[in-house]
Amino acid sequence: MRGMRRTLGAILAALLMVLATGCSFATEDPDYVPPAPLPPLEQLQQVPVTEQTTLSAGEDVTAFVTADKNIVCAMTSSRGGHLNLPYEANSYSDAANNKFAVVPVVHCELAKYAAPEPDDIADDCAGIGLGYLGGTALLTPEKASYGSCRSGVTQMESEFGPKGSREGPVSKLRELAEGQNIERNGLRCSAYNGGVACGNISGGVAFFVSREGYQLISDGGKTVTGNLKQAP
């Protein structure tokens with residue numbers, strides 16, 4: 001009887017040790033399929049907003065870069081089509097632009113990116129000899145667009161593209177962690193699923209950009225263009 005008590009005591013001691021050390025004997029389910037990522041507007045609606053203080057790039061701009069250093073975004077403003085960007089030379093502050101209204105926008109640049117689809121090319125770049133290229137995205141309260149008329153590389157390409165320097169203003173920006181949202185002036189961005197979604201939730205417009213491609217969303221998610229027609 002005494003030996004049985006010692007055996008039971010040893011078993012109980014072993015069980016208590018397992019509980020105390022937090023050990024687990026769970027096994028993987030071979031049939032488990034992880035849920036698909038949310039559509040961009042749903043992602044922006046559901047994920048809590050992150051404190052943006054540490055992402056500030058100046059009094060009027062909040063900027064961030066993704067953890068993989070492929071996307072940089074500025075939550076900033078536009079005047080007459082001129083953007084206030086902390087990482088690109090621009091004419092936003094020229095006195096000639098004071099007559100234009102200030103519009104909140106989000107502008108993103110990619111180091112590696114897809115070409116724009118023909119139906120999403122928003123400008124023929126007439127008379128200036130420039131091509132409409134991918135690698136940039138712009139969100140206003142009413143519209144999302146991908147690509148622009150330009151020559152040469154963007155700042156993001158010059159720093160983190162295939163021949164990038166890995167040094168410059170983008171390299172000094174803080175990261176927005178995967179799965180986090182940030183909001184400024186009614187526009188919201190989220191780093192998720194290997195890319196960035198930015199949108200105006202109340203207006204039902206958004207974009208999603210990644211290395212593989214992009215989406216442009218309007219009509220509250222009813223209209224989707226780009227080379228990622230399905231939810232990313």
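**View 1. Lys69 in the β1–β2 loop of the predicted model.** Although Lys69 is not a glycine, its phi is positive, at about 60°. Most residues other than glycine have a negative phi.

**View 2. Asn193 in the β8–β9 loop.** The loop between β8 (187–192) and β9 (195–200) holds Asn193. The phi of Asn193 is near 55°, again a positive value in a residue other than glycine. Asn193 is partly exposed, with a relative accessible area of 36%.

**View 3. The largest nonpolar core.** This core has 24 residues. Phe64, Val106, Cys108, Leu139, Cys198, Phe207 and Val209 are the members with the most contacts inside the core. At least two core residues come from each of β2, β4 (102–110), β5 (131–139), β6 (144–150), β8, β9, β10 (205–210) and β11 (214–218). Apart from this core lies another, of 14 residues, which include Ala63, Val65, Leu85 and Val105. In soluble globular proteins, nonpolar side chains tend to be buried together.

**View 4. Surroundings of Cys198.** Cys198 is one of the residues with the most contacts inside the largest nonpolar core. With residues up to four places away in sequence left out, Cys198 touches Leu44, Val106, Cys108, Leu139, Arg188, Cys189, Val205, Ala206 and Phe207. Among these contacts of Cys198, Val106, Cys108, Leu139 and Phe207 are also listed with the most contacts inside the core.

Key
Residues are numbered from 1 along each chain as its sequence is written. This is a predicted model: local features need pLDDT of at least 70, side-chain atom pairs count only at pLDDT 80 or more; totals for chains, interfaces and linings use all residues. Side-chain values use heavy atoms; hydrogens and water are left out. Helices (H or I, at least four residues) and strands (E, at least two) are DSSP runs, numbered from the N terminus. Buried means under 20% relative accessible area, exposed over 50%, partly exposed in between (1.4 Å probe, protein chains only). A nonpolar core is a set of buried Ala, Val, Leu, Ile, Met, Phe, Trp, Tyr and Cys residues joined through side-chain atoms within 4.5 Å. Contact means heavy atoms within 4.5 Å.
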